[in-house]
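I opened the model to look up its confidence and its pockets. My entries follow the structure.

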Amino acid sequence: MASNGPSGSAEAMIAEARKALWVMVTFLAVIWSVQVMNWILGYHLSQDFGVRARDVSSLPDIFTSPILHGSWAHIEGNSGPLFIFGFLAAYRGVKKFLALTVLIVIVGGLGEWFTSPSNTVTIGASGLVFGYFGYVIVRGIFDRHKIDIVIGLVMALCFAYQFTALLPANGISWQGHVFGLIGGLIGGWIFRDRRPAAAVAPSTTAGGSSRQVGPPATPGNAAAILKELDDLGL
């Protein structure tokens with residue numbers, strides 16, 4: 001029989017963390033495989049499947065641009081933070097994490113599409129990095145999980161330098177960073193834990209002991225009880 005106590009909760013969390021680990025390992029394997037292919041093809045994939053600002057035909061590319069990178073240094077710089085923040089965003093639930101990823105990709109991609117300079121092509125997973133970063137920072141606040149509040153605070157302090165990438169700079173898609181972060185913050189609210197309302201507290205007697213209060217007696221209930229007692233000869 002499955003356990004619903006603290007032990008069962010810990011086992012469930014460990015199982016989700018294991019899934020999260022493999023999801024991120026697989027994701028990194030995919031983007032590195034794409035990078036090898038992109039490099040072999042002279043980075044034509046970046047031009048063909050990157051987000052072109054305000055080009056309607058490029059709107060579907062918001063889903064492909066996060067797995068493309070413009071150089072080996074580019075993908076190396078994104079891989080470490082992507083793995084760390086992605087794992088921390090996923091360890092409490094992979095299904096929620098996948099929905100969060102779609103949200104960040106859409107918000108970040110549309111932000112890039114609308115606000116990037118004309119005739120530019122945007123690629124890279126940094127929008128996802130900032131999205132997961134923002135989600136990890138605020139999740140504990142919205143979920144009221146103390147351990148996640150601590151994790152968010154530690155990540156914010158350890159990776160405070162990441163916020164410098166939100167400032168405008170030549171050759172860097174700060175627009176993707178900003179809107180990816182916004183997507184993660186929105187995700188923290190949308191995918192927060194919604195705990196059921198607390199059950200009505202049992203009534204308390206004058207002496208301080210609690211007792212359960214059953215449904216009020218009705219004439220029909222009383223008649224049925226009397227009939228049962230009569231049948232038993234009482």
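**Confidence**

I looked up the pLDDT (the predictor's confidence in each residue, from 0 to 100) and found a chain average of 84, with 79% of the residues at 70 or above. This is a predicted model, in which local features need pLDDT of at least 70 and side-chain atom pairs count only at pLDDT 80 or more, while totals for chains, interfaces and linings use all residues. Residues are numbered from 1 along each chain as its sequence is written, and side-chain values use heavy atoms, without hydrogens and water.

Helices (H or I, at least four residues) and strands (E, at least two) are DSSP runs, numbered from the N terminus.

**Pockets**

I took a pocket as an open set of points on a 1 Å grid over the protein atoms alone, where a 1.4 Å probe fits, with protein on both sides within 12 Å along at least five of seven lines; lining residues have an atom within 4 Å of a point.

The largest pocket has a volume of about 540 Å³. I count 27 lining residues, and His74, Gly171, Ile172, Ser173 and His177 are the closest to its centre. H3 gives the most to this lining, four residues.

For the second largest pocket I read about 190 Å³. Its lining includes Phe27, Phe63, Phe97 and Tyr132. H4 supplies the largest share of that lining, with four residues.

How values were computed: Points joined across faces, edges and corners; volume = space filled by probe spheres on them.
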